[in-house]
Amino acid sequence: IQQHREIHVVMGNEACDLDSTVSALALAYFLAQTSPAPKAAFVPVLNIPRADFALRTETTFLLRDRGIPAASLIFRDEIDLGGLHHAGLLSLTLVDHHVLPGADAALEDAVVEVLDHRPLERERGPPCQVTVEPVGSCATLVTERILQGPPGVLDRTTAALLHGEHGGPGRAPAPGHGDNTAPLVPAGTILLDCINLSPAAGKVTPRDVACVSLLEERFPELPARDAVFGALQAAKFDVTGLTTEQMLRKDLKVVSSDEVVVAISGVFEDLETFLLRPGLLQELEAFCQGRGYAGLVAMTVSFNERHEPTRKLAVYSRQEPLRSTLCRALEEATTPSLLLQPLPSPWPGVAAYAQGNSAATRKKVLPMLRAAL
């Protein structure tokens with residue numbers, strides 16, 4: 001602000017999972033490399049406080065393995081987006097989401113581009129450039145964008161990072177630190193987000209497969225998909241030693257109305273195991289009260305050896321009318337139907353369900369809850 005330097009921020013969603021993180025890093029680097037005589041500095045921003053980064057275990061694993069230090073990253077609590085916007089210096093590109101939360105409403109007119117893969121919930125007129133496509137991973141859209149650019153941006157080092165290759169020499173520096181490639185073009189991210197391109201998981205599309213296949217054709221020495229996916233999946237599901245509060249923060253999104261805010265957490269352990277945590281009800285209450293949430297929906301997910309998911313839901317609120325509203329919205333949903341079956345819950349105020357439609361991810365549940373509020 002003091003130097004009156006324009007800043008173009010590329011930012012993922014508030015869950016800040018691997019897809020959001022790598023999409024922001026890769027697209028910001030690509031824009032910096034390909035924009036003609038840019039006036040602005042392109043800055044990828046991870047949309048969480050730095051203190052929460054350790055909970056994104058698959059992201060910390062991949063970046064650490066590639067020699068990209070956390071010190072080179074910029075987190076949401078380390079940049080004053082409101083101050084930059086007020087000074088007329090901010091342009092904002094959104095990846096892996098297209099609706100800013102209410103707290104960021106003042107930044108809406110700074111948004112110049114959107115790349116997202118979830119259903120469009122609001123229109124944006126010119127001059128904002130909108131790319132919203134129903135692919136399995138936002139990283140697919142970023143990869144397509146990079147592949148359309150100058151061929152020199154995508155080289156062997158880029159492909160190794162993109163494909164999640166582990167260890168070895170030639171570790172890449174962080175974006176903007178002297179490397180002439182685009183780190184983290186995200187094939188490894190596509191593999192993780194699309195459950196190793198497994199049709200049974202209900203996420204992958206032909207475009208996701210095409211992106212990964214094209215990269216493997218160009219760089220046949222890249223490691224096998226199973227090895228990449230296995231390492232990232234193990235890191236993502238490693239919740240060893242996490243408290244309940246940390247598990248709920250690890251993959252957290254929110255929906256809100258004018259009156260209430262509801263949290264939706266992805267939980268990486270079986271629901272029955274989660275419900276048996278000692279003192280869970282008190283911990284849910286403390287989590288919601290401390291963050292101003294009126295309720296919480298937890299979607300647990302686990303996978304069998306064929307990469308087929310099992311999803312279950314827990315719905316918590318001290319307010320019985322709100323809990324009933326949320327449960328009814330999930331039970332009566334038709335686009336898609338979740339095929340819910342009630343499960344016993346050991347806690348008053350917590351409803352539990354087995355989800356028969358395991359292909360209905362949290363991305364598909366979020367609009368249901370938003371509409372219910």
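User: What is the bridge partner of T93 in β4?
Analyst: T93 has E113 as its bridge partner in β4. This is a predicted model, where local features need pLDDT of at least 70, side-chain atom pairs count only at pLDDT 80 or more, and totals for chains, interfaces and linings use all residues. Residues are numbered from 1 along each chain as its sequence is written, and side-chain values use heavy atoms, with hydrogens and water left out.

User: How many bridges join β3 and β4?
Analyst: Strands β3 (90-95) and β4 (111-116) pair over 4 bridges, in the parallel sense. Two strands pair if DSSP finds at least two bridges between them. Strands (E, at least two residues) and helices (H or I, at least four) are DSSP runs, numbered from the N terminus.

User: What's the strand order in that sheet?
Analyst: The order is β2-β1-β3-β4-β5, an open sheet of 5 strands with parallel pairing. β2 (41-45) and β5 (129-132) are the edge strands, each pairing on one side only. Neighbouring strands are turned by 15 degrees against each other on average, direction ignored.

User: Which strands does α1 touch?
Analyst: Helix α1 (18-34) packs on the sheet and touches β1 (7-11), β2, β3 and β4. Its direction makes about 175 degrees with that of β2. Axes are lines fitted to C-alpha atoms, for helices over the stretch in contact, and angles run from 0 to 180 degrees between N-to-C directions. Helix α4 (138-147) also packs there, touching β3, β4 and β5, and its direction makes about 115 degrees with that of β4.

User: S137 next. Buried or exposed?
Analyst: S137 is buried, because its relative accessible area is 0%. The cut-offs are under 20% for buried, over 50% for exposed and partly exposed in between, with a 1.4 Å probe and protein chains only. S137 lies in the loop between β5 and α4.

User: What is S137 in contact with?
Analyst: Leaving aside neighbours within four places in sequence, S137 is in contact (heavy atoms within 4.5 Å) with D19, H117, T189, I190, D193, C194 and D208. Its side chain also reaches the backbone nitrogen of A139 at 3.1 Å.

User: Switching topic. Which residues does UniProt list for DHHA2?
Analyst: The UniProt entry, which is unreviewed, lists residues 229-373 for "domain: DHHA2". That span is 38% helix and 27% strand, and its end C-alpha atoms lie 36 Å apart.

User: And the 6-strand sheet, what order?
Analyst: β6-β7-β8-β9-β11-β10, open, with mixed pairing. β6 and β10 (340-343) have a single partner strand each, so one side of each is left without a neighbour in the sheet. The twist averages 25 degrees from one strand to the next. Within this sheet, β8 and β9 pair in the antiparallel sense over 8 bridges, and M299 has L313 as its bridge partner in β9.

User: Which residues touch the most other members in the largest nonpolar core?
Analyst: L248, L284, F287, L296, Y316 and V350, out of 25 residues. A nonpolar core here is a set of buried Ala, Val, Leu, Ile, Met, Phe, Trp, Tyr and Cys residues joined through side-chain atoms within 4.5 Å. Elements giving two or more residues include α9 (244-250), α11 (280-291) and β11 (350-355). The most come from α11, with 5 residues.

Key: UniProt positions are given in the numbering used here, feature names are shortened, and annotations may be inferred rather than shown by experiment. A polar contact is a pair of N or O atoms within 3.5 Å; within protein, one must be able to donate a hydrogen and the other to accept it, and residues adjacent in sequence count only if both atoms are side-chain atoms.
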